[in-house]
Amino acid sequence: MSPEPTGGTMAELVVENIVKTFGDVYALKGVSFSVKNGEFVVLLGPSGSGKTTALRCVAGLEKPDRGHIFIDGQRVNEMPPADRDIAFVFQNYALYPHLTVFENLAFPLRAVGTGKAEVNERVQNVARILHIEHLLHRRPHHLSSGEMQRVALGRAIIRRPKLFLMDEPLSNLDALLRAEMRAELKRLQKDLGTTTLFVTHDQLEAMSMGDRIAVLDQGQIQQIGSPDEIYHRPANLFVASFVGSPAMNLVPCRLAEENGQRRLIVEDSNWSLPLPPEVARAAQEGRAPSRLVLGIRAEDLSVSLSASDGAVAAEVYVLEPLGAETIVNVLIGPHVLKVRTRPTFTASIRQTVYMTWNQEGVRVFDAQTEKALG
Amino acid sequence: MPVSVRQRRPVWKRALTDQQIKIAFITPTLLLLLAMNIFPLIWSLYLSFCEYYADQPESPRWVGIANYRALLTDPEIWHSFQVTAAFVFLAVGTEFILGFGLALLFHRSFAGKGLLLTLFLIPMMLSPVVVGLFWKFIFDPNWGIIDYLLRLPGFEWVTHPRRALWALVIVDAWMWTPFIMLIALAGLSAIPQSLYEAAAVDRASSWFKFRHITLPMVSPLLIIALLIRTMDAAKLFDLPWTLTDEGGPGNATETVSLLIYRLAFKMQDTGSSCALAYILLVIIIALSNLFLRQLKKVKGEL
């Protein structure tokens, strides 16, 4: 897609403490987040987390029971979708099946009585940006899902709205196309500079596309931050286990005295670690909880066939060669840990290997509250 | 081994091959179809070119297109066609407007919707003969409820040469509007809600949504409903048989089907009645083809 200055107006979105119930089911339990001018924010969560409901509230397709939604400082709770100057890309694309691609793209313009010449010009323009010029006379059922997805995007950008709202627009594509569209969509958003709120359950999509990510679970925001923060400093056990592939290794541990030093001992194992600074501080102040969970990413662990100073003996459980890397699953006591290694690493099942770790990558969570310490 | 096991079984216990099962299932239907539909169709086509009276001893005598020529020049026949055409147009038109309108009203949730819908569907489930009979009472000029409610004692419906057709239209619409409504409702429910949501976000007005989403998406089903109703209305027989006493007053409501019946079973003019039946058949086929062309057009296949 070539850079195309369409001059889309920008806007800021602020969502404050919205609550939405369906019957006696709470879909959203007080959700707040904001999207700055030109920013790409991803709402990430598993199915049923309320992310689509939040998006539909912003669009005006659902009305929140409580809370406020502001677009450019104006409260829009009572405003019908048509007046919010937004474009919505639906998960199933919602193309009009009886209309051609041209007519689908022209629909938002014709709906407000745009002149024929302008409709023509803008449709051609959008078709060129999205490389769908050759499809203009086809109907949706003659398109592949990738092509339909482009038409749906086209129908959104032709409006030059203040705000793009996208509900899992890539989820119906096959894996290869999805990876390709991730990059294209991100570039398109940067070129257009339109403020975007994007919903997905795919953490990889969120990581790769979002300027910021808001992780949602059970109708509540779990963490808001840059992809880097979400990945490296998950705020709680849910975020740690949901984001990243493989997910963060999580094992139960406790504080214990060892040779006069306080250390973290992983339950039922021979693995003990020095305290990370925030845990040491908490322990000093006497507010360290008794039951803890240790979290560490697969790339912060490494294994070797030969013993070294400070390494922990572990048993190989299984190897997952992935081409560019190999994930070694090792047993530390009863716990399976995933370790990212170079693809040339080989070992046989039940072989003893020696595991070392990057102390910087150690995160500690309160097992009771599930929140990160520090 | 399996072969010998199979051969030792008695014939009626042996497994049938797929092919044999297919034949066993199809044959009875095929025979029935041949005896009850295909043969009469061909035989009546032959009879339509013959002079033949079913109650006379003479066998059919080939007369070429004489029956057709006689029929097509007979003003009485034209009257029947006019009555039928007027009825089809008025009845199906009324049913369409009311049925689609009701479907749009029913296409939302409200308390008591299920019950109301069931009540609306009842007329469709009644026998036309029964409907004709009790509407005759309803329309009665002396003690019918319609004239009582309209405070028009003695106002004639089914016995009035012009209003008798309107009576037929009213009763047919009462009976078959629910049918159009039901099919239109099915079409409306099949339109994905997300299309309306997309249109709402895209600032489409209610009329624009109706004109550019609802109507085009429901029209294939509406055309099918119209096709079925038109074919059925063009063959109308039972309602005027009971409601207006065999097409009365006089022959004011004598539809083509009633006329065919009169030719065949009252005048025993089998040849002419077969010819008239074939003329009606050709007209109905032509009409349905018009609908089918329109259907293909709205579905984008033409």
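In chain A, 4 strands make up an open sheet with antiparallel pairing, in the order 2-1-4-5. Its edges are strand 2 (25-35) and strand 5 (74-75) of chain A, each of which pairs on one side only. Here, two strands pair if DSSP finds at least two bridges between them, while helices (H or I, at least four residues) and strands (E, at least two) are DSSP runs, numbered from the N terminus. This is a predicted model, in which local features need pLDDT of at least 70, side-chain atom pairs count only at pLDDT 80 or more, and totals for chains, interfaces and linings use all residues. Residues are numbered from 1 along each chain as its sequence is written, and chains are lettered from A and ligands numbered from 1 in the order in which they are written.

Within the sheet, strand 1 (residues 13-22) and strand 4 (residues 66-71) of chain A are joined in the antiparallel sense over 5 bridges. A:Val14 stands opposite A:Phe70 of strand 4 in chain A.

Stepping back to the whole of chain A, there are 9 helices and 20 strands. The C-alpha trace of chain A spans about 80 × 45 × 35 Å along its principal axes. Of the 374 residues in chain A, 41% are buried, that is, they have 20 or more other C-beta atoms within 10 Å of their own, against 12 or fewer for exposed residues and a count in between for partly exposed ones, with C-beta atoms placed from the backbone.

Turning to chain B, B:His79 is found in helix 4 (residues 75-106). B:His79 counts as partly exposed because it has 14 C-beta neighbours inside 10 Å.
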